[in-house]
Amino acid sequence: MDGTEHRLFEDAVRRAVDAHAGDPAALDGALAELGWADALAVDPRVAISILFERQGAANATSSAIGHVLGAGLGARGAGPTAGEEESASPRGYVLPALGTWDPPGSQGDDSFVVRALGTATSTAPESIVVPTRVADGSVAICTVPRRGLTLVPVHGLDPGLDLVTAHMDADSIGDGSISIGDWPAVVGLARMALGHELVGAAGAMLELARSHALEREQFGRPIAAFQAVRHRLADTLVAVEGARALLDAAWDDGGPDMVATAKAVAGRAARVAARHCQQVLAGMGFTTEHPLHRYVRRVLVLDELFGSARTLTTELGRRLVAGGPLPVPIPL
Amino acid sequence: VDLQEFRAGLDDWLGAHGPELAPVHDGAGTLEQQLAQLAKVKRHTFDAGWMRWGWPEQVGGLGGSTLLRAYLGEALTTADLVEPGIYSMTEVLAPTMIGYAPPPLAAAMVPRLLRGEETWCQGFSEPGTGSNLAALACRAVRDGERWLVSGQKVWTSLAQHAQRCVLLVRTGTPESAHRGVTALFVDMDSPGITVRPIETMHGVPEFCEVFFDDVAVPTERTLGDEGQGWAVAMDLLPFERSTALWHRGAHLQHRLGQLLERAPADSLDPMALGETVQLLAALRARSRATQHRMAAGERLGPETSVDKVLLATAEQQLFDLAEGALAEDVLLGDDPIAARWRSEFLYSRAATIYGGSAEIQRNIIARRLLGLGDDR
């Protein structure tokens, strides 16, 4: 995309996300209309960074992560389809279980097991894409009928996500179909998407706390004048900017280590933002009348998807302690 | 010359000239040994051309992107050829001269700094003026074609070895705050200057007190105009947080590798280690973006305070990790390698103090980047 196209695309995505922040199905429709999936195929960096950062900032949800799965697997079609594919029946998708990045399905000699997380929208179609570890260790794209899965709606910490757990314990894949996919690529793209969404949400929390600090007066002056408040917000900005820079570097670098680091640092930055901004917003931010709580809930869930800050950090440390090489620093 | 070409050429050259560039001392060495090593490396790299890239031709440079300077410092520090702190002072002092000195003065002086013929220092802080630079009191009064300087500076790095000093003085009234400050380029052998090195906790007497007693400085040694010293200082400070900081980040990355090699089995907590690696990666990613902005001609400003906070945090976390894992070295070891870990661990305590304290950086971020208004 050139500069003008980039700007137009960014504006269109922003408008779509902001207009349909509370309505995932409507946002899916708007993204299909503006050709987001086509942009993903042409320029994943631009498509993912713009949409997910905005989605995080607006506390919106969509099925876009399904397209990201599809793009990583080298197959369009997970998630709602767009354009000429519209006539084909749309396929849903599921993600790895909370905290993990193993493919959600696993196939043994005489078993097919699914432990997955989805959303109400992502599991609505009659066919569901389940990335599956097959007997030889490779990862296949299985498509299973919806009726084969046990879907249980989750209220949980973040009801706004409309999460669903998806289980299946069967002897075989049955009516499902299989093709081979590149799972590490899926994990990488999903982590980038989630990293951007976390950073977007962290930035939104910072803006909520910042405007509150400027308006709220105590002892005859805005609380933004108190250094204890200022330094919390400054630390939040440092965390967010560090994460943002790493996401950029990870797009440039492309290696799995840098991507995992970017996701972990984004998760940690979002937790830093949640802690500091909640404190600055104080009683206001503790009520459901103020939007902060929705972001706090969201980032805690997003951090756990495809590996949390804690898990990815410990995994990296363990590998180094065991004598593994340091990740190669990004060149100047 | 583009960065790829420069990198390949420099790496080859460093490989071929390893023995003549290597330090003669083991470990960190004394300050005198570090300075002698620095002068040697600067002379060789200047004569071979490497040190001249990225600097304008009118001060003896060969032109080209500032990224070349960033890579040269990275290569020299990760090969353990220079101590990054004293190496990177050039990155602050030379741009100040290029920006504000009368062109003939810059043309005469900057090559001496780049080639390692001279050491320069930077006289900013005073006993009564730490973070609040606008309160500085060291006075200069006009006496015909010269300034007469009286007062005191402190924390002046390398003053005892320096031939020149970029000095901030008050030329306005005591109440003139930042408006009455002027920058001068002072010869350190001028009559009336007394330097007293300060013993520091990490064992390197790099900081000094400098006393000025009616020191005469020709008016053609004024940097910028009279009363423009604040602008000189404000332009200089972001340089402390750009190329110099890239060099330091590269040094920390290098030391992290050495820590992993030296740490005994089971001495490193995986979570703390992983986080340190990630912090250094975030610092490098951020500083890399800053290097590219600078190379594109963008004016650096308060956003570089983010880089400094990331650096100080990463540096202290790295050496906290080292102190725990290498307790034997840091607490008891007296060989050069152990002494270097001890010295650098102690020096890392100052990472949140020098070059604008952690609190000042956060104040800058709050006021200038977050728009939180004044803190009064």
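Is A:Asp235 buried, partly exposed or exposed, and what is its relative accessible area?

Mentor: This is a predicted model, in which local features need pLDDT of at least 70 and side-chain atom pairs count only at pLDDT 80 or more, while totals for chains, interfaces and linings use all residues. Residues are numbered from 1 along each chain as its sequence is written, chains are lettered from A and ligands numbered from 1 in the order in which they are written, and side-chain values use heavy atoms, with hydrogens and water left out.

A:Asp235 is partly exposed, at a relative accessible area of 24%, where buried means under 20%, exposed over 50% and partly exposed in between, with a 1.4 Å probe and protein chains only. A:Asp235 forms a salt bridge with B:Arg362, the closest N and O atoms being 2.6 Å apart; the term requires a side-chain nitrogen of Lys or Arg within 4 Å of a carboxyl oxygen of Asp or Glu. Because A:Asp235 lies in helix α7 of chain A and B:Arg362 in helix α14 (residues 358-369) of chain B, the pair joins two chains; helices here are DSSP runs (H or I, at least four residues), numbered from the N terminus. B:Arg362, in turn, is buried, with a relative accessible area of 16%.

A second bridge links the side chains of A:Asp252 and B:Arg288 (3.1 Å, N to O), and this pair also crosses between chains, from helix α7 of chain A to helix α10 (residues 270-295) of chain B. A:Asp252 is partly exposed at 42%, whereas B:Arg288 counts as buried at 15%.

Between chain A and chain B the count is three salt bridges, and the rule finds 14 residue pairs in polar contact, both residues at pLDDT 80 or more. A polar contact is a pair of N or O atoms within 3.5 Å; within protein, one must be able to donate a hydrogen and the other to accept it, and residues adjacent in sequence count only if both atoms are side-chain atoms. On the side of chain A that touches chain B, α6 (183-215), α7 (227-253), α8 (256-286) and α10 (309-321) each supply at least two residues, with the largest share, 14 residues, coming from α7(A).

For the interface as a whole, 39 residues of chain A are in contact (heavy atoms within 4.5 Å) with 43 residues of chain B.
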